[in-house]
Amino acid sequence: LASLLPAGTVVRLYYPHQALAVTGQGVALTGAADMHSLGRNGAGVKVGVIDMGFANYINAQASGDLPSSLTITDYTGTGTGGIDHGTNVAQIVYEMAPGAQMYLAKINTDVQLQQAMSDMAAAGVRVINHSVGWYGAAFYDGTGPICNTANLANTSNIQWVNAMGNDRNRHYMATFTDANADLLHEFATGQNYNTISLTAGTSVSLILNWDAYPTTSIDYNLYLYNGNPDAGGTIVAQSATRQRGTASSSPYEPITYTPSTSGTYYIVVKKYSSSSTNTRFALYSFGPSLGVKTYASSLAQPADCTYVLGVGATNLSDAPESFSSEGPTTDGRSKPDVSGPDGVQTSLTSSFAGTSAASPHVAGAVALLRARNPGMTTAQIRSLLIITTKDVNTTGFDSRTGYGRISLDADEDGYNH
């Protein structure tokens, strides 16, 4: 493809992303059941679910866990199945707003994400749920192509609802520190590595990116060792792309590795040269927790986007989930906006856990409110949803649960559920 395009055209792989893992319990807990009892079920509202796979959705239709009539589109060319993550998500939306008309879209790239959003906007969809996190496209500050897509939905009066991510224990963020000038970042005083415990045969992905978008000459590299690098460990995987300030020089280095032996592995972040500026970077693990971790700003995109409702996860006892990604965004904006319940039952599992489950509860709640208040703007709907939340963590807003777990005021008497 690159050889057929004009000289200077930049071609890249799509940004990495992952499903953010998941019914009834949430419907009653959030007050949606009260809405249903008053005849408010989301009728007249079109809701979209953009996800990575809808395996077994036909079985869910047959069992009544999804509507018999829905629109589903495969943008990947691989069929609508694969994983059943999207089917679990869609079931929660449907249980929350059983009168809504549902549009499902399977995507695997950010280009497909944009196309799905555009097609849903053209079809009149007014709520989109995306229980997927994207990494490496920007520095989690509300900018970049993923946020461009999510924010664009707002111009069509679509409320985008997104899972915050499950990365609270799998995230590290700091300004590059090199007190002894050996070009290695110090994760702690005198410690030039982070650690991760890997299992033989189970792959892990590591994502490093830094605050120098869109292109940069600040050059960091990412290395994975099978032992302590200061005591004979050897490199088993690396990402060492040269960042030269050209159009293809994004501040981003990924590793995917499958170990042959189980044990502790060591992560090293290194500057290419002493001329590289010390700037803030983020490290994510798509797998086990990191030995040295940073809870704050562990959110994924597009939960960081300006017009997106970022959703954290609380369990069925209203406690914040330990894995639920925290705000704020890296530019200091408050996230998440609200939280929703997870660990709920679907037709496919007894406990669908993660912010992937929390987000569709909020999307379904938005559909109920939009059906009740069709003339309201997205900003007014967000405000209405926020002011009725139940404060379940520290008093007031906090970076784990936002303004609280959603709790609808079904009869509009001024009291939440």
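The model is predicted, so local features need pLDDT of at least 70 and side-chain atom pairs count only at pLDDT 80 or more, while totals for chains, interfaces and linings use all residues. Residues are numbered from 1 along each chain as its sequence is written, and side-chain values use heavy atoms, with hydrogens and water left out.

**View 1. Asp110 pairs up with Arg12 in a salt bridge.** A salt bridge here is a side-chain nitrogen of Lys or Arg within 4 Å of a carboxyl oxygen of Asp or Glu, and that rule gives eleven of them. For this pair, N to O is 2.7 Å. Asp110 is buried at 9% relative accessibility, while Arg12 is partly exposed at 43%. (Buried is under 20% relative accessible area, exposed over 50%, partly exposed in between, using a 1.4 Å probe and protein chains only.)

**View 2. Arg242 meets Asp219.** Their salt bridge is 2.8 Å, N to O. Arg242 sits in the loop between strands E12 (235–239) and E13 (252–257), and Asp219 in the loop between strands E10 (204–210) and E11 (220–225), so the pair ties together parts 23 residues apart in sequence. Strands (E, at least two residues) and helices (H or I, at least four) are DSSP runs, numbered from the N terminus. Asp219 is buried at 1%; Arg242 is partly exposed at 30%.

**View 3. Arg400 reaches Glu326.** The closest N and O atoms are 4.0 Å apart. Arg168 joins Glu326 and Arg400 in a network of salt bridges.
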